[in-house]
Amino acid sequence: MKKTGLFVLLLATASWAQSGADANSAEAPQGTSPNSASFPTMRVQTPTYADVYCAGFINKQTLPDANFVAGGLQTPTTTHFTRGDVVYLRGTGYSAGAEYEIVRALKDVNQYEMYPGEKKLLKETGQPYEEVGRIKIIDTRSKSAIGYIEYACDGIAPGDAAIPFAEKQTVAFHAPIRFDRFLPASGKLTGRIVMGRDFDSQLGTGRTVYINVGANQGVHVGDFFRAVRSYAADLNDPVDSLSFKAAIAEDTQAKTPSVDPAMFTKGNGPVIHVRDLPRRAVAEVEIIGVTPTTATGMIVFALEDVHAGDSVELDQPN
């Protein structure tokens, strides 16, 4: 009986060892290493109607705001109006059946800069606008035109500007593609993410970003840009730069490395030059709208957070 029990135990042990070996070989086959063919495959998220028509934009010149929302059916009790509501518009040039896009000029109430030079760069880029919704004029017999809200991205508020509505170019579906995270600079058109929608500073897949290059530089709806970040960028961040000042060596290392530029303490070993580390691609951005000098993009794939201030480079994924 004891021999039978011992045999069963040995058999179970051998079976467990074999399954462990199989698992290890499946996870890390011998003789293989990551290469360009094993970079992650990104399944590109296709922008929806809401993604395209609610994306917002940055315009170099301030848009006219003589035509604007003056209120609605329940004014002043109700201050925000949504799809299916009736609103009143002041201004001129309205005609029954005409469609208008409702936009809102934005200001950032946060005085903290998300990246060095943010305020200056955004001022140079232009005025950010939110696309709030679309209305159709149904009556013009009063001093205020009467409009019906056909589509709303957000609550339409008094003071929002009304500009003629124009259909937008749709973005075609893209099949899954390889994402080369460490692709060197290609020399193609480059720009910068000046801000994210709603003034967010860290964004992921499906979120909207605004870039400081546009149609004048040859950018088209449907183009792809690769969002990239160098490790040197962290040196300029007051929070991320603290990591470079921490000890990076093991206590038992005879020669301790240090990070350049010099931090609190210097090592007696090799110096790690941050600017020599490879840049890394963090996301793929598809352009869903353009102005002459700016572009609106949607993050369709991300390996990590995209930051306001990240660089972008025109990409042509296969």
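The structure holds six aromatic pairs, where rings of Phe, Tyr and Trp (its six-membered ring) pair if their centres lie within 6.5 Å, and planes under 30 degrees apart count as stacked, over 60 as edge-to-face and the rest as tilted. This is a predicted model, in which local features need pLDDT of at least 70 and side-chain atom pairs count only at pLDDT 80 or more, while totals for chains, interfaces and linings use all residues. Residues are numbered from 1 along each chain as its sequence is written, and side-chain values use heavy atoms, with hydrogens and water left out.

Student: How are the rings of Y49 and Y53 arranged?
Tutor: Both residues lie in helix α2 (residues 49–53), four residues apart, about one turn of the helix; helices are DSSP runs (H or I, at least four residues) and strands likewise (E, at least two), numbered from the N terminus. The ring centres are 4.3 Å apart and the planes are at 20°, so the pair is stacked.

Student: Is Y53 buried or exposed?
Tutor: Buried means under 20% relative accessible area, exposed over 50%, and partly exposed in between (1.4 Å probe, protein chains only). Y53 has 10% relative accessibility, so Y53 counts as buried.

Student: In which strands do F57 and Y129 lie?
Tutor: Their ring centres are 5.4 Å apart with planes at 20°, so this pair is stacked. The pair links distant parts of the chain, 72 residues apart: F57 lies in strand β2 (residues 57–59) and Y129 in strand β6 (residues 127–139).

Student: Which strand gives the largest share of the lining of the largest cavity?
Tutor: A cavity is a set of points, on a 1 Å grid over the protein atoms alone, where a 1.4 Å probe fits but cannot get out, and lining residues have an atom within 4 Å of a point. The lining of the largest cavity includes Y129, E130 and E131. The largest share, three residues, comes from β6.

Student: Over the face of which ring does R226 lie?
Tutor: A charge sits over a ring if NZ of Lys or CZ of Arg is within 6 Å of the ring centre and within 35 degrees of the ring normal. R226 lies at 4.8 Å from the ring centre, over the face of F179.

How values were computed. On a 1 Å grid over the protein atoms alone, a cavity is a set of points where a 1.4 Å probe fits but cannot get out, and a pocket is an open set with protein on both sides within 12 Å along at least five of seven lines; lining residues have an atom within 4 Å of a point.
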